[in-house]
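Please look over the sequence and the structure below, and then read the briefing that follows, which is arranged by topic.

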Amino acid sequence: MDNLTAVQERIDAALDREANALLELSHTIHANPEIRFEEVKASAWLADALEARGFEVERGVAELPTAFRAVKRGLPGGPTVAVLCEYDALPGLGHACGHNVIATMGAGAGFALAPLMREIPGTLVVMGTPAEEGGGGKVIMLERGAFDDVDAAMMIHPFHVNQANMPTLASTKWQVTYHGVPAHAAMAPHLGVNALDAVRLAMAGIDAMRQQLRQDSRLHTIITHGGDAANIIPERASMLTVARAADAGYLFDVLVPRLTAIFEGAALMTGARLELSDSSRPYLEMAINGPLEAAFERHVARRGRPVVQYDPEERTGSTDMGNVSQAMPGLHGMLAIHDSALPHTEAFREAALSPRGDSTVLDGASILAGLAAELFLDGELLAAAREAFTAHRASSGRSRV
């Protein structure tokens with residue numbers, strides 16, 4: 001541990017030197033919000049900053065224009081550890097999920113470790129992962145091989161407490177469109193097929209279905225098109241439906257078939273034609289990796305932050321980091337930027353730019369860099385993380401994505 005302690009001291013010294021540049025980057029990304037797959041500026045700023053610090057940067061990874069891989073190679077023989085950056089904003093709300101903080105914590109870990117990698121066995125990858133907010137950037141990158149050489153992946157998300165994981169819900173969604181027949185609503189309604197009636201019946205079916213679901217299930221629906229004029233029988237109507245559950249097995253074995261039957265039943269009842277399409281790749285639930293979480297908690301305590309023990313049964317949102325954690329040892333830690341505000345609110349957006357948000361950028365960069373250094377230098381930690389991952393994979397019946 002003496003060696004690790006010395007490395008951590010050098011990491012923190014490097015972050016002290018980089019603090020102004022790192023916080024300026026966080027503020028600039030916050031001031032220029034870009035939604036999923038459109039993060040052209042944020043991606044370029046992050047990639048350029050890492051390249052300026054000696055990383056080999058590949059842009060447009062996995063055929064995604066705003067994805068990147070920044071690689072810093074150390075001594076031969078060590079593992080490949082990935083630190084992940086998210087930088088997409090929310091439509092209308094900007095960085096109300098604090099992705100400017102996530103991005104610069106990850107980049108900051110790279111800034112701090114870059115000068116040390118010539119003395120450390122292994123390869124550090126700072127990976128730019130676009131479109132976490134509904135686009136599944138990490139899922140696409142997994143499918144297209146961007147993670148194939150990675151031994152462990154980690155990131156930190158801002159929150160209202162400090163905890164080692166965010167137990168999440170597996171999630172999938174559909175764009176549901178019904179096509180009917182238009183008609184004059186006063187003179188000849190009997191000649192029409194009302195597509196909006198199909199949407200209303202589908203929503204009623206979803207409401208009824210909720211009564212017989214597990215408590216961890218979540219169903220969300222909005223109408224995205226309801227017709228063009230009140231005196232015309234709607235020829236087309238559509239809705240967006242999201243389904244979530246604590247585990248992918250229940251989501252895909254129970255919820256998906258039942259929802260599909262509801263969508264089809266609404267079409268049968270009205271005579272409308274159903275057009276059903278998956279709007280994005282499914283998100284899997286976060287896997288628990290005890291050794292990585294224990295190491296995270298040690299580094300959080302080192303930065304003087306109180307650690308809250310999370311309840312594995314208490315589920316929150318969904319993230320494509322869940323898919324990564326189901327494919328390799330992974331960590332999705334949480335650090336507080338506010339005492340009560342939750343993501344996807346205006347208060348959280350302001351917290352992501354606050355002095356407390358800034359301190360979280362620096363704390364998170366130190367924690368990620370310290371944990372990565374521990375994985376490089378302590379073979380027992382990496383072996384334990386791999387063992388925990390293998391045990392989880394065996395219990396869940398999943399194989400590497």
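Cys 97 is buried, with a relative accessible area of 8%, where buried means under 20% relative accessible area, exposed over 50% and partly exposed in between, calculated with a 1.4 Å probe on protein chains only. The model is predicted, so local features need pLDDT of at least 70 and side-chain atom pairs count only at pLDDT 80 or more, while totals for chains, interfaces and linings use all residues. Residues are numbered from 1 along each chain as its sequence is written, and side-chain values use heavy atoms, with hydrogens and water left out.

**Cysteines**

- The sulfur of Cys 97 has its closest cysteine sulfur in Cys 85, at 15 Å, which is too far for a bond.
- Cys 85 is buried as well, with a relative accessible area of 0%.
- A search of the whole structure finds zero disulfides, a disulfide being a pair of cysteine sulfur atoms within 2.5 Å.

**The sheet**

- Six strands form an open sheet with mixed pairing, in the order β1-β2-β4-β3-β5-β10; strands (E, at least two residues) and helices (H or I, at least four) are DSSP runs numbered from the N terminus, and two strands pair if DSSP finds at least two bridges between them.
- Because β1 (56-59) and β10 stand at the edges with a single partner strand each, one side of each is left without a neighbour in the sheet.
- Neighbouring strands of this sheet are turned by 20 degrees against each other on average, direction ignored; axes are lines fitted to C-alpha atoms, for helices over the stretch in contact, and angles run from 0 to 180 degrees between N-to-C directions.
- Strand β5 (residues 152-159) runs parallel to β10 and is joined to it by seven bridges, and Met 155 has His 332 in β10 as its bridge partner.

**Helices on the sheet**

- Helix α3 (residues 99-113) packs on the sheet and touches β3 (75-85), β4, β5 and β10, with its direction at about 135 degrees to that of β5; contact means heavy atoms within 4.5 Å.
- Helix α10 (residues 355-377) also packs on the sheet, touching β3, β4, β5 and β10, and its direction makes about 160 degrees with that of β5.
- Since 15 of the 15 residues of α3 are buried, this helix is largely enclosed by the rest of the structure.

**Aromatic pairs**

- The structure holds two aromatic pairs; rings of Phe, Tyr and Trp (its six-membered ring) pair if their centres lie within 6.5 Å, and planes under 30 degrees apart count as stacked, over 60 as edge-to-face and the rest as tilted.
- Phe 68 and Tyr 87 form a stacked pair, 6.1 Å centre to centre with 10 degrees between the planes.
- This pair links distant parts of the chain, 19 residues apart, with Phe 68 in strand β2 (residues 68-73) and Tyr 87 in the loop between β3 and α3, and both residues are buried.
- The rings of Trp 174 and Phe 263 have their centres 5.8 Å apart and their planes at 70 degrees, so this pair is edge-to-face.
- Trp 174 in strand β6 (residues 170-179) and Phe 263 in helix α6 (residues 248-270) are 89 residues apart, and both are buried.

- Ala 131, which is not a glycine, has a positive phi near 60 degrees; Ala 131 lies in the loop between β4 (121-128) and α4 (137-143) and is buried, at 0% relative accessible area.
- His 344 has a positive phi of about 70 degrees although it is not a glycine; His 344 lies in the loop between β10 (330-336) and α9 (346-351) and counts as partly exposed at 39% relative accessibility.
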